[in-house]
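Take a walk through this model, one region at a time. Keep the sequence at hand as you read.

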Amino acid sequence: MSPPVPSDLGYVPPDGGWGWAVVFGASISVGFAYTFPKAFTIYFKELQAVYSISYSQVAWITSIMCATTYGGGPISSILVNRYGSRPVVIFGGLLCGIGMVSAAFCTSILQLYICVGFITGFGLALNLQPSVIIIGKYFLKRRPIANGLAMAGSPVMLCTLAPLNQFLFDNFGWRGSFLILGAILLNCCVAGALFRPIGAATALVKTQATEEGKDALKEEVTKDAMEMSNPTGVPMETKMEEEGGKDCCEKINKYLDFSLFKHRGFLIYLIGNVLMFLGFFAPIVFLAPYAKHIGIDEYSAAFLLSILAIVDMIARPTTGIIANSKWVRPRIQYFFSFAIAFNGACHLLCPLASGYTGLVIYSIFFGLAFGMVCAMLFETLMDLVGAARFTSAVGLVTIAECCTILLGPPIGGTLIDTFGDYKYMFIKCGAVMVLAGTFLFIMNYYNYRMLAKEEKERKAKEEDPKSVRTENEGRNNWNKETAQDGPELEPLREEQEGLKKEVNGTNLV
């Protein structure tokens, strides 16, 4: 079972209050980030006719958008660590609006790649990660429920945007629709305004200022001591450059924790999710075109996405409630693995649906499976690494996932163009997701066995007095060795000791 993850934020999250307003704002931002690429597929056939391009070429629009949304994760995480969630989300909303308004004036598919794919996609990246991150700062005990409710914004948006896009296209054309969508996306700025900073924000600023002053003082002391020990100054410049490089790496690591790549659970999650996303988005992208391909009218095809969204809307908060229960939360990693495999099984059975009734049944089960995965997508990562390291973890995960997200829909489009049939695309996505779910289930079982074994060894080591005595002897030997470094570093050592006393408030001089 998963070990409990206590609050590592330096304060106790309120688990309510203004946090529910934050959840509402997060549901809007997350909804746009996840739904917009799916709802945009309504315009695929028109863009394909206007620019005389293939399915795989037009699929690159949403593929680039999704890849940019996920690939911008590290940048978004760094900005959140530096400025907080609120200004990042507001700026992301402005980028989304600018990207779609610019897309209305595009005259080539390449320009659409830039405006819709890169500009709007990066704006969505600045909405997705901060919205998920701030939930972990407001909730701990009710975090699975809060995540489920926030992620429920995606199906609500899909249920609204899918028919709305069809209505806008029929009445205003694709260029007029893009202008209106640009204005709608500016609502992300309103959602970001709800993300009130929480916790020891003032204390954090003071701590950073203290650390900066302490680092500057250390640099001065080190420089003076080295000049005293070596008056030539030439080797000291080289040493200072090396230290400057180390300081640069430390500053980067302060905003993006690369030590997570040594975390076994994080690596298992990363590999499983990278594999999963190879087949995660393509079925949604091609669901409406597939329905049109077998002779279903446009509004009925768009309604399939609404059916999927309605089931998804119910599945996400329900999954959050189930995942928050005392029976499931300790085993949430296994629950997540089952949801991924169930999702893949739905895609494998989709080619059996030859009529509209069959596609409706597929949409219902697909919506259920999709909602289960999305509700636990970030909660499982928080469960593994904790809320304090989650900001860096989500950024590192999304940059790795963007490669498979970028390739997923174009590979599906290539299969459609090659075989002239959609069933091979659904089979590919289903097989990949079943494989990903199986991998995560087996590797999480292995991870928990290893954690239990390591915990058992640690307790045995603490109870064994010989090991404690050996550690103390090693520490004493190390102190003796450092005491023999020579008199040239004695002034530096005395200055550092004085500095430590001043920082701790125990200077008695």
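**Helix H1 and its bend**

H1 kinks by about 30° at Ala33, shortly before the proline Pro37. The bend at a residue is the angle between two fitted axes, one for the seven residues ending there and one for the seven starting there. H1 has 21 residues. From first C-alpha to last, H1 reaches 29 Å, close to the 30 Å expected at 1.5 Å a residue. The expected span of a helix is 1.5 Å times one less than its number of residues. H1 is largely enclosed by the rest of the structure, because 19 of its 21 residues are buried. Buried means under 20% relative accessible area, exposed means over 50%, and partly exposed lies in between (1.4 Å probe, protein chains only).

A word on the source. This is a predicted model, in which local features need pLDDT of at least 70 and side-chain atom pairs count only at pLDDT 80 or more, while totals for chains, interfaces and linings use all residues. Residues are numbered from 1 along each chain as its sequence is written, and side-chain values use heavy atoms, with hydrogens and water left out.

**The overall picture**

The protein has 22 helices and zero strands. Helices (H or I, at least four residues) and strands (E, at least two) are DSSP runs, numbered from the N terminus. Of the 509 residues in the protein, 49% are buried. The protein exposes about 23,500 Å², and carbon and sulfur atoms supply 65% of that area. Accessible areas come from the Shrake-Rupley method with a 1.4 Å probe; for residues, only the protein chains shown count as cover.

Now take the contacts (heavy atoms within 4.5 Å). Among those between residues at least 6 apart in sequence, 86% join residues at least 24 apart.

**Helix H8 and what follows**

What does helix H8 span between its end C-alpha atoms? H8 covers residues 153-185 and spans only 14 Å. A straight helix of 33 residues would span 48 Å at 1.5 Å a residue. H8 also carries a kink of about 120°, centred on Phe172.

Leu186 sits in the loop between H8 and helix H9 (187-193). Leu186 counts as partly exposed because its relative accessibility is 37%. Together with Phe91, Leu94 and Ile98, Leu186 makes a nonpolar surface patch of about 360 Å². Patches are made of residues with over 30% relative accessible area and no salt bridge; like charges are joined within 9 Å, nonpolar side chains (Val, Leu, Ile, Met, Phe, Trp, Tyr) within 5 Å.

**Salt bridges**

The structure holds six salt bridges. Each is a side-chain nitrogen of Lys or Arg within 4 Å of a carboxyl oxygen of Asp or Glu.

Start with Glu379 and Arg143, whose side chains meet at 3.1 Å, N to O. This pair links distant parts of the chain, 236 residues apart: Glu379 is in helix H18 (residues 379-385) and Arg143 is in helix H7 (residues 143-151). Glu379 counts as buried, at 2% relative accessibility. Arg143 is buried too, with a relative accessible area of 2%.

Glu379 also meets Arg329 in a salt bridge (3.9 Å, N to O). Here the partners are 50 residues apart, with Arg329 in the loop between H15 and helix H16 (332-349) and Glu379 in helix H18. Arg329 counts as partly exposed, at 21% relative accessibility.

Arg316 and Asp312 form another salt bridge, with the closest N and O atoms 2.7 Å apart. Both lie in helix H15 (residues 298-323), four residues apart, about one turn of the helix. Arg316 is buried, at 0% relative accessibility. Asp312 is buried as well, at 0%.

Which residues other than glycine have a positive phi? Asp15 is one of them, with a phi of about 55°. Asp15 lies in the segment before helix H1 (19-39). At 13% relative accessibility, Asp15 counts as buried.

Ser52 is another, with phi near 55°. Ser52 is found in the loop between helix H2 (44-51) and helix H3 (55-71). Ser52 is exposed, since its relative accessible area is 66%.
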